[in-house]
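Have a look at the model below, and keep it open while you read.

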Amino acid sequence: MATVGEFYDLIDAFAPFHTAMGFDNPGLLVGDRGTEVHSALFALDITPQVVREAAEMGAQLVVSHHPVIFHPLREPFAGFLRRYPLAQYGVAAICAQHQSGYGAGRSEYMPG
C-alpha cells in the first residue's frame with residue numbers, strides 16, 4: 001500500500017515543492033508521511049464539504065491545489081483540531097499549489 005510520503009514524493013518529483021513561489025505554502029500540511037493510504041480524494045480546495053466527503057469515504061489523504069493552511073499556526077494543538085477537522089478525522093493533506101506552468105521548461109506539462 002502507498003503511503004502519504006510516497007504520494008508527496010511523486011508530486012515533488014513532478015513539481016518540486018522547493019521551487020514554489022515564496023508566498024505559496026505547498027507540501028504536507030496535515031498528517032504524517034508514514035500513514036498508509038488506501039483511499040485518496042483530490043480537490044481544488046479543501047472545504048468543509050471536501051473534508052466531510054473524505055471522512056465519509058474513509059480516505060486517509062486529500063491532495064489539493066490550494067493550501068489548507070496558508071499562514072504558520074500559532075495556537076495549541078487542541079485549537080488546531082477544532083479549526084482543522086482533517087486532523088480530527090486523521091486525514092492527511094498534501095497541498096500542491098505550484099506555478100509549474102510558468103517559466104521556461106515547464107510548458108510541456110500544461111494542456112495545449
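What follows is a short report on the nonpolar cores, a charged pair and a serine in a loop.

## The model and its cores

This is a predicted model. Its largest nonpolar core has 13 residues. Leu41, Ile46, Ala54, Val62, Leu86, Val91 and Ala93 are those with the most contacts inside this core. Two or more residues each come from β1, α2 (48-57) and β4 (92-95), and α2 gives the largest share, three residues. Nonpolar side chains tend to be buried together in soluble globular proteins.

## One salt bridge

How many salt bridges does the structure hold? The structure has one, formed by arginine 33 and aspartate 9, whose closest N and O atoms are 3.0 Å apart. This pair links distant parts of the chain, 24 residues apart: arginine 33 sits in the loop between β1 and β2, and aspartate 9 in helix α1 (residues 4-14).

Arginine 33 has a relative accessibility of 38%, so it counts as partly exposed. Aspartate 9 is also partly exposed, at 38% relative accessibility.

## A serine in the loop

Serine 39 is found in the loop between β1 (27-30) and β2 (40-43). Is serine 39 buried or exposed? Serine 39 is buried, because its relative accessible area is 18%, under the 20% cut-off. Leaving out residues up to four places away in sequence, serine 39 touches Met57, Gly58, Ala59, Gln60 and Leu61.

Definitions and conventions: Residues numbered from 1 in each chain as written. Predicted model: local features only at pLDDT ≥ 70, side-chain atom pairs only at ≥ 80, totals over all residues. Heavy atoms only, no water. Helix = DSSP H or I, 4+ residues; strand = E, 2+ residues; numbered from the N terminus. Buried < 20%, exposed > 50% of the residue type's maximum accessible area, 1.4 Å probe, protein only. Contact = heavy atoms within 4.5 Å. Salt bridge = Lys/Arg side-chain N within 4 Å of Asp/Glu carboxyl O. Core = buried A, V, L, I, M, F, W, Y, C linked by side-chain atoms within 4.5 Å.
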